[in-house]
Amino acid sequence: MKNNFAVLDEFIENLPSAQGALISVLHKAQEIFGFLPPDVQEHIAARLGVSASKVYGVVTFYSFFTMQKKGKFHVNVCMGTACFVKGAETILEEFKNQTANDDDFSVDALRCIGACGLAPVVTVNGKYFGRIKKSDVKNILEEVRAQ
């Protein structure tokens, strides 16, 4: 079985051109590695002939790239105005507290996710949970683990 860098290199080699391919390569690398740590960014820079600072700049500019390893369960708490006003900050902290020692979970805050009528809203791996209260957090985590 090929190691992850070999898989990434094969993807890069099969590109029609390395010119303008940075974002595509970053997406592929994140798919392969799960995140974009410094060694992966440096490898991409070398393979594409661009500076490591350019790669880092793109990774840190776009919110869909991450330099942190994510758990298999991605919890996103909406912090848009409607959700924030209805207590999303407390819910975010409760998710962080209840998953602090569990590497299966990664918890992030997002800007508005467009479900204001269900505020406050949480997504876990793309599944929406609306009108969440702090007391719902434990049940959501149990439901997700059971699937």
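**View 1. Asparagine 125 in a predicted model.** Asparagine 125 is partly exposed, with a relative accessible area of 44%. The model shown here is predicted. Asparagine 125 sits in the loop between E3 and strand E4 (127-129). Its phi is positive, about 50°, although the residue is not a glycine. Most residues other than glycine have a negative phi.

**View 2. Arginine 131, a non-glycine residue with positive phi.** The phi of arginine 131 is about 55°. This residue belongs to the loop between E4 and H7. Its relative accessibility is 52%, so arginine 131 counts as exposed; the threshold for exposed is over 50%.

View 3. Most peptide bonds are trans. Proline 120 is found in the loop between E2 and E3. Proline 120 is also one of the contacts of isoleucine 91, leaving aside neighbours of isoleucine 91 within four places in sequence.

**View 4. Alanine 115, a buried loop residue.** The loop between E2 and E3 holds alanine 115. Its relative accessibility is 15%, so alanine 115 counts as buried; the limit for buried is under 20%. Not counting residues up to four places away in sequence, alanine 115 touches Val121 and Tyr128. Alanine 115 and aspartate 9 are 106 residues apart in sequence. C-alpha to C-alpha, the two are 39 Å apart in space.

**View 5. The largest nonpolar core.** This core has 22 residues. Those with the most contacts inside it are Val75, Val77, Ile91, Phe95, Val122, Val124 and Ile140. At least two core residues come from each of strand E1 (73-78), helix H6 (88-99), strand E2 (105-110), strand E3 (122-124) and helix H7 (137-146). Apart from this core lies another, of 19 residues, among them Leu15, Ala21, Leu22 and Val40. In soluble globular proteins, nonpolar side chains tend to be buried together.

**View 6. Contacts of isoleucine 91.** Neighbours within four places in sequence are left aside. Isoleucine 91 is then in contact with Val77, Pro120, Val122, Ile132, Lys133, Lys134 and Val137.

**View 7. Packing of H6 against H7.** The two helices pack at an angle of about 50°, and their axes are 10 Å apart. That angle makes H6 oblique to H7. The crossing of H6 past H7 is right-handed. From H6, the contact uses Ile91, Glu94, Phe95, Gln98 and Thr99. From H7, the partners are Val137, Lys138, Ile140, Leu141 and Arg145. By class, this contact of H6 with H7 has five nonpolar, two polar and three charged residues.

**View 8. Aspartate 9, a buried residue in helix H1.** Helix H1 spans residues 4-13 and includes aspartate 9. The relative accessible area of aspartate 9 is 17%, so this residue is buried. Aspartate 9 touches His43 and Arg47, not counting residues up to four places away in sequence.

**View 9. Aspartate 39, a partly exposed residue in helix H3.** Helix H3 covers residues 38-48, with aspartate 39 among them. Aspartate 39 has a relative accessible area of 42%. Along the chain, aspartate 39 and alanine 52 are 13 residues apart. Their C-alpha atoms are separated by 9.8 Å.

Conventions:
Residues numbered from 1 in each chain as written. Predicted model: local features only at pLDDT ≥ 70, side-chain atom pairs only at ≥ 80, totals over all residues. Heavy atoms only, no water. Core = buried A, V, L, I, M, F, W, Y, C linked by side-chain atoms within 4.5 Å. Buried < 20%, exposed > 50% of the residue type's maximum accessible area, 1.4 Å probe, protein only. Helix = DSSP H or I, 4+ residues; strand = E, 2+ residues; numbered from the N terminus. Contact = heavy atoms within 4.5 Å. Axes fitted to C-alpha atoms, helices over the stretch in contact; angles between N-to-C directions. Parallel < 35°, antiparallel > 145°, perpendicular 65-115°, else oblique. Left-handed = near helix turned anticlockwise from the far one by under 90°. Nonpolar A, V, L, I, M, F, W, Y, C, P; charged D, E, K, R; others polar.
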